[in-house]
Amino acid sequence: MSAEQFLALISALSLAILTPGPAIIATVQTAFAHGRSRALPYALGLATGASLWCLFALAGLAVLFRLHPTLFSALKFFGGLYLLWFAWGLWRASTGPLPDAAGGATKGFWGGIALNLSNPKPALFYASLILSVFPEPMQISRQALIYLVCLATELFWYALVAVLMSTGGMRSRYFAAKFWIDRTAGVAMALLGLLLIVNL
């Protein structure tokens, strides 16, 4: 892997991660509501889930989606339903007290994986990115290196957002406007879920 390919991969992936979407919205909201003890495991789960799409793309899942578009549409539909369910939870939580975050690390980790696996679009993104940056045939060792670079990039950005948004100052601002922040996050998540379903 050349330095230019390495930088192109990290740059494109970083832009994709930081573009407002379900994962970033959920990371910010989790950090606000539960603090670092839940947000960091959640970020780890998000990175793991996203990296699985990278692994699937390297294994040829994106080709399968192109050959069988109905399968891709079905995954998008159920992914959209999951995001709508997640949005409904945010909406309902806006009027309630803060939930207990005790023992939340495991729940946060698996919740992060579930959220990023609910959207199959990253598989196509990863396939397009990898094919454009690495058009030549690759050995398994090089594919493994690409996967590790992608996982590290995902981990860095999600963990950074989780840490920054869970500081005392940021959380105090959240507590002062919990209702509106939760409702806004819920609406944004619902819109993203509807977009997945409508654009089948």
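In H1, the buried residues are Gln5, Leu9, Leu13, Ser14 and Ile17; buried means under 20% relative accessible area, exposed over 50%, and partly exposed in between, with a 1.4 Å probe and protein chains only. Looking down the axis of H1, these buried residues fall within an arc of 155°, so they line one face of the helix. That arc is taken from the directions from the helix axis to the C-beta atoms. On the other side of H1, Glu4, Leu7 and Leu15 are exposed. An α-helix has 3.6 residues a turn, so residues three or four places apart point the same way.

This is a predicted model, where local features need pLDDT of at least 70, side-chain atom pairs count only at pLDDT 80 or more, and totals for chains, interfaces and linings use all residues. Residues are numbered from 1 along each chain as its sequence is written, and side-chain values use heavy atoms, with hydrogens and water left out.

H1 covers residues 3-18. Helices here are DSSP runs (H or I, at least four residues), numbered from the N terminus.

On confidence: the mean pLDDT of the chain is 81, and 90% of its residues reach 70 or more. pLDDT is the predictor's confidence in each residue, from 0 to 100.

Last, Leu194. This residue lies in helix H10 and is partly exposed, with a relative accessible area of 41%.

Conventions. Helix = DSSP H or I, 4+ residues; strand = E, 2+ residues; numbered from the N terminus. Expected span 1.5 Å × (residues − 1).
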